[in-house]
Amino acid sequence: MIRKMLSHVSNLSLTAFTMLAVSSMPAAAAPTAGEAATNLIGNFTGIAKLLISGAFLAGAFFVVAGIFKIKAAADTQGQQVKYSEGLWRILIGAALCLSPWVISVAMASITGDSAPTLAPSGGLTFSSK
């Protein structure tokens, strides 16, 4: 009985919170196709930056794991751990570390912006028209 009442109260509070959040949002005119495309490109830029960061970190991890696998293969003289396991990890890591460049060039090709440049402080700088 008490659980059922708590369930109803939580459902009502969730409904009230949702209605408050929706009602506090400003009413905007319907965006034009150009505005929608600009917003979509802006969203893709954020997603691309997230993918770039994740790919680079994963690539660095694979390179380090590959070095450790090669070290393990050298310790066992290639009997228990094969050298190819370490080499594959290093190649995958290198490909993932290069994927930010591939993604940035592809994004520049799709959006028509200039290709991102490497910032002096590190990272990619995205310039828009």
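Residues are classed by relative accessible area: buried means under 20%, exposed means over 50%, and partly exposed covers the values in between (1.4 Å probe, protein chains only). The structure described here is a predicted model, in which local features need pLDDT of at least 70 and side-chain atom pairs count only at pLDDT 80 or more, while totals for chains, interfaces and linings use all residues. Residues are numbered from 1 along each chain as its sequence is written, and side-chain values use heavy atoms, with hydrogens and water left out.

The protein chain has three helices and two strands, where helices (H or I, at least four residues) and strands (E, at least two) are DSSP runs numbered from the N terminus. Along the sequence these elements follow the pattern α-α-α-β-β. Of the 129 residues in the protein chain, 13% are buried.

Helix H3 spans residues 83-111 and has 29 residues. The distance from its first C-alpha to its last is 42 Å, close to the expected 42 Å at 1.5 Å a residue; the expected span is 1.5 Å times one less than the number of residues. A kink of about 35 degrees lies at Leu 98 in H3, shortly before the proline Pro 100. The bend at a residue is taken as the angle between axes fitted to the seven residues ending there and the seven starting there. Pro 100 is among the buried residues of H3, which also include Gly 86, Gly 93, Ser 99 and Ser 104. Ala 94, found in helix H3, is partly exposed, with a relative accessible area of 35%. The C-alpha atoms of Ala 94 and Phe 56 are separated by 9.0 Å, although the two residues are 38 residues apart along the chain. After H3 comes Gly 112, whose phi is positive, near 85 degrees.

Two salt bridges are counted, the criterion being a side-chain nitrogen of Lys or Arg within 4 Å of a carboxyl oxygen of Asp or Glu. In one of them, Glu 85 pairs with Lys 69, and the closest N and O atoms are 3.7 Å apart. Glu 85 lies in helix H3 and Lys 69 in helix H2, so this pair ties together parts that are 16 residues apart in sequence. Glu 85 is partly exposed at 31% relative accessible area, and Lys 69 is partly exposed at 26%. A salt bridge also joins the side chains of Asp 75 and Lys 71, with an N to O distance of 2.9 Å. Asp 75 and Lys 71 are four residues apart in helix H2, a separation of about one helical turn. Asp 75 is exposed, at 52%, whereas Lys 71 is partly exposed, at 47%.

One aromatic pair is present, formed by Phe 61 and Phe 62 in an edge-to-face arrangement with 6.0 Å centre to centre and 70 degrees between the planes. Rings of Phe, Tyr and Trp (its six-membered ring) pair if their centres lie within 6.5 Å; planes under 30 degrees apart count as stacked, over 60 as edge-to-face and the rest as tilted. Phe 61 is exposed, with 58% relative accessibility, while Phe 62 is partly exposed, with 27%.

Leu 40, Phe 44, Ile 47 and Leu 51 make a nonpolar surface patch of about 400 Å². Patches are made of residues with over 30% relative accessible area and no salt bridge, like charges being joined within 9 Å and nonpolar side chains (Val, Leu, Ile, Met, Phe, Trp, Tyr) within 5 Å. Accessible areas come from the Shrake-Rupley method with a 1.4 Å probe, and for residues only the protein chains shown count as cover. Ile 47 is found in helix H2 (residues 33-75) and is partly exposed, with a relative accessible area of 47%.
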